[in-house]
Amino acid sequence: MLLGSGATVVGVAELDAYLDGEIRHLNRGVSIAVDRTLREDTLKHLGRLQKKVVRYLKGKGFRTLSIPPDSDRIRNKFVAELYSLLTHKMAATCAGIGWIGRNGLLISPHFGPRLSLATVLTDAPLKSDIPYEQSRCGNCRLCVDYCPSKAITGKTWSRRDPYSGLVKPHRCRVHKEGARGVTDRPNCGLCLQICPYGRAKGRTKPKDVMEIV
């Protein structure tokens, strides 16, 4: 249903290990990804897809909770607190969509770091996909070597040690503030553009990655 409505990739995550308290019963996460290079209204489109999921699941009698794609920017709301416990990237790794690269971004084997994400939690007994447990960047260090702010440390992600010192956010933020584009918004994105994954759609491991690794 979601793929037919414009989603690029969809996965289902088992989240028992990540949720507690009053939302522990919502132990499945529908992770929705859209290729941001194909649409200008990516966030609005993800919101529409989330609403489609919610309508479908509620129509079947299941409970849901949507985490908006920009929930990390929302303040003083419950979803903002939830995002600090379960990010879209973590849900996507659990749903088998990709792993976390050295650049701190979700890396899909087919679309690289070019996906925007949203998540819907539910108590529907959906069959979960196989999660990624560790990075598949291999020996590739393109994002590390070419990061103009030297914000990417070169460490690799694994589920046992998520986000441990992958990126120094302050360095990245300062550089982007000084590299504003034509929209006058903080701009860089070199680590996204240089990643060899996703350059050739449909190839699990692009040629340049095989040469590096």
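Select strand 1 and strand 2 (residues 28-35): the two pair in the antiparallel sense over 6 bridges. The model on display is a predicted one. Within this pairing, locate Val 9, which stands opposite Ala 33 in strand 2.

Next, select Ser 31, whose place is in strand 2. Is Ser 31 buried or exposed? Its relative accessible area is 0%, so Ser 31 is buried, the cut-off for that term being under 20%. Leaving aside neighbours within four places in sequence, Ser 31 is in contact with residues including Val 9, Val 10 and Gly 11, as well as Ala 91, Ala 92 and Ile 97.

Turn to the nonpolar interior. In soluble globular proteins, nonpolar side chains tend to be buried together. The largest nonpolar core here has 29 residues, of which Leu 15, Ile 97, Trp 99 and Leu 121 touch the most other members. Among the elements that each supply at least two residues of this core are strand 1 (9-14), strand 3 (64-67), helix 3 (88-94) and strand 6 (115-122). A second, separate core of 13 residues includes Val 34, Leu 46, Val 53 and Ala 124.

Centre the view on Trp 99. Apart from its neighbours within four places in sequence, Trp 99 is in contact with residues that include Leu 105, Pro 109, Cys 137 and Trp 157. The structure holds 2 aromatic pairs. In one of them, the rings of Trp 99 and Tyr 132 have their centres 5.5 Å apart and their planes at 50 degrees, so this pair is tilted. Because Trp 99 lies in strand 4 and Tyr 132 in the loop between strand 6 and helix 4 (142-146), the pair ties together parts that are 33 residues apart in sequence. Both Trp 99 and Tyr 132 are buried.

Trp 99 and Tyr 197 form an edge-to-face pair, at 5.1 Å centre to centre and 80 degrees between the planes. Tyr 197 lies in the loop between helix 6 (190-194) and helix 7 (207-212), 98 residues apart from Trp 99. Tyr 197 is buried, and Trp 99, Tyr 132 and Tyr 197 form one aromatic cluster.

The last stop concerns charged side chains. The count comes to 5 salt bridges. Select Arg 39 and Asp 41, whose side chains meet in a salt bridge (3.0 Å, N to O). Arg 39 is partly exposed at 30% relative accessibility, Asp 41 is partly exposed at 27%, and Arg 48 is partly exposed at 42%.

Finally, select Asp 123 and Arg 63, whose side chains meet in a salt bridge (3.2 Å, N to O). Asp 123 lies in the loop between strand 6 and helix 4 and Arg 63 in the loop between helix 1 and strand 3, so the pair ties together parts that are 60 residues apart in sequence.

Note on methods. Residues numbered from 1 in each chain as written. Predicted model: local features only at pLDDT ≥ 70, side-chain atom pairs only at ≥ 80, totals over all residues. Heavy atoms only, no water. Core = buried A, V, L, I, M, F, W, Y, C linked by side-chain atoms within 4.5 Å. Buried < 20%, exposed > 50% of the residue type's maximum accessible area, 1.4 Å probe, protein only. Helix = DSSP H or I, 4+ residues; strand = E, 2+ residues; numbered from the N terminus. Contact = heavy atoms within 4.5 Å. Pairing = 2+ DSSP bridges. Phe/Tyr/Trp six-rings, centres within 6.5 Å; stacked < 30°, edge-to-face > 60°. Salt bridge = Lys/Arg side-chain N within 4 Å of Asp/Glu carboxyl O.
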